[in-house]
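Reader: I have a few questions about the labels used for this model. Please set each label against its cut-off.

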Amino acid sequence: MAEPITHTVNVITAEQTITLHVAEGENLRRALLAAGLTPYGTLSRRANCGGRGLCATCGVWVEANVPAPQHWHDRIGAAFGYPRLSCQITVRAPLTVRLVPNKIMWGKPEKARRYRPKPAE
Ligand code: FES
């Protein structure tokens, strides 16, 4: 029987970098929560859409191996420098993500993180 494929996901928090080993195809939000890490802010921790891509409160900064945005929010958010929705990222390669510090609901955009996704994405 073949070994299950896992990917290394480095999660940068305010205090440390934590390395997770995440199964191929796992949802990033679910992997973070299963590891006791939350992509949410102080208010959205209790009030969120549960990973349906509706509330935009589960954003994280993807620092390395940025996957192509699939969700409309992430395609538009890229142009304005918003965090990526962790509930809309399927882990298919190693990733490095940073939890958004001091987030209350959505987190603030950062100009330096703006980019234009390729049309084919
Ligand atoms: S949990 Fe609501 S958009 Fe991700």
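Reader: How do you know that the radius of gyration of the protein chain agrees with a compact globule?

Author: This is a predicted model. A compact globule with 121 residues would have a radius of gyration near 14 Å, and the protein chain has 14 Å, so the two agree. Along the principal axes, the C-alpha atoms fill a box of roughly 45 × 35 × 25 Å.

Reader: Which elements make up the protein chain, and how do they run from the N terminus on?

Author: The secondary structure comes to 2 helices and 5 strands. From the N terminus on, the elements run β-β-α-β-α-β-β.

Reader: What is arginine 116 in contact with, leaving aside its neighbours within four places in sequence?

Author: Arginine 116 is then in contact with Ala78 and Ala79. For such a contact, the C-beta atoms must lie within 7 Å. As for threonine 38, which is 78 residues from arginine 116 along the chain, the C-alpha atoms of the two are separated by 27 Å.

Reader: What share of the residues in the protein chain is buried?

Author: Buried residues make up 31% of the 121 residues. The cut-off for buried is 20 or more other C-beta atoms within 10 Å.

Reader: And among contacts between residues at least 6 apart in sequence, what share joins residues at least 24 apart?

Author: That share is 63% in the protein chain.

Conventions:
Residues numbered from 1 in each chain as written. Predicted model: local features only at pLDDT ≥ 70, side-chain atom pairs only at ≥ 80, totals over all residues. Helix = DSSP H or I, 4+ residues; strand = E, 2+ residues; numbered from the N terminus. Rg over C-alpha atoms; globule rule 2.2 N^0.38 Å. Buried ≥ 20, exposed ≤ 12 C-beta atoms within 10 Å, placed from the backbone. Contact = placed C-beta atoms within 7 Å.
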